[in-house]
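Try each task yourself before you read its solution.

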Amino acid sequence: MMRKMVLHACTAAAIILSGVASAAAETIRMGAEGAYPPFNYVAEDGQLKGFDIDIGNAICAELKAECEWSTNEWDGIIPALQAGKFDIIASSMAITKARMEQVSFSDPYYFNAMRFVALKELNLQEVKPDAVKDLVIGTQSGSIATDMLKDFFPDNEVKLYPTLGEAFLDMKTSRLDLLVESKIAIADWLADGEDCCVFVGEEFLQDGTLGAGLAFRKDDDALRERVNAALAELVRNGTYETIRKTYFDFDIREKPKNASALFGG
């Protein structure tokens, strides 16, 4: 009888330990573009780094899971998620109605305000559609800025770039007059000593954009709910602010004006 009890106890312990090991071994696969500093980028040591990466890792830590990261070109990042290459897009993706038809989103974890940067030699004081209609404007393909330019700057020549770095290069060499994208990404570029260009006009948010969120497959509600709970806890316990202060000395959770308020006539 004693032997059977020991065997049962060992079996029960093995099951419990197996369950603990399984929980500890959970892996959440995160996907990022890896070309959008300071949010996500591949550093010189080959490691994926940035604000999005730190937030993603903090979420995994809160969920007692391991993050497994991979990069994907921006234009194909939603199809890659849908194909199962990763479980979450953690790459500063703006929440829009069009994207919500393809994926589901977490609660917004910041507002990525956009802003124009112009060649210094143009001496622009503001950006209004009528005033800049003869100028060439650039942005990243697949960015929500492309919709904004179609809506409010239809008379301009617009150049689209696979990565923001390529757009920055064309600004530096005066192949573009204006560039519109994340004010934070542009500020990070200018902070590296670029003196070709200056910010012009106010920051804004594309109409209908609900902030930046983590993207999930449409049927992955359970993971999305867990991540939302983890995000809320990171804000509550101060972890979010600690990460934010590492990258930005201003509030990135405050919603800016809509584009229509600035460019809509």
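**Exercise 1. Find which residues lie nearest the centre of the largest pocket, then describe its lining.**

Start with the residues: 21 of them line the largest pocket, and Thr96, Arg99, Gly142, Ile144 and Asp147 lie nearest its centre. Next, the elements: α3 (77-82), α4 (97-100) and α5 (145-152) are the ones that give two or more residues to this lining. Then the volume, which comes to about 380 Å³. Last, sort by class: seven nonpolar, eight polar and six charged residues.

A few ground rules. This is a predicted model, where local features need pLDDT of at least 70 and side-chain atom pairs count only at pLDDT 80 or more, while totals for chains, interfaces and linings use all residues. Residues are numbered from 1 along each chain as its sequence is written, and side-chain values use heavy atoms, with hydrogens and water left out.

Now the terms. On a 1 Å grid over the protein atoms alone, a cavity is a set of points where a 1.4 Å probe fits but cannot get out; a pocket is an open set with protein on both sides within 12 Å along at least five of seven lines, and lining residues have an atom within 4 Å of a point. Grid points are joined across faces, edges and corners, and a volume is the space filled by probe spheres set on the points. Helices (H or I, at least four residues) and strands (E, at least two) are DSSP runs, numbered from the N terminus. Ala, Val, Leu, Ile, Met, Phe, Trp, Tyr, Cys and Pro count as nonpolar, Asp, Glu, Lys and Arg as charged, and the others, Gly among them, as polar.

**Exercise 2. Work out how many cavities of 30 Å³ or more the structure holds.**

There is one. Of its 18 lining residues, Tyr36, Ser92, Asn112, Ser143 and Glu181 are closest to the centre. Two elements give two or more residues, β6 (88-94) and β11 (178-182), and β6 gives the most, with three.

**Exercise 3. Describe the second largest pocket.**

First, the volume: about 160 Å³. Second, the lining, which includes Ala35, Phe168 and Trp189. Helices α6 (164-172) and α7 (183-190) each give two or more residues to it. By class, the lining has six nonpolar, two polar and two charged residues.
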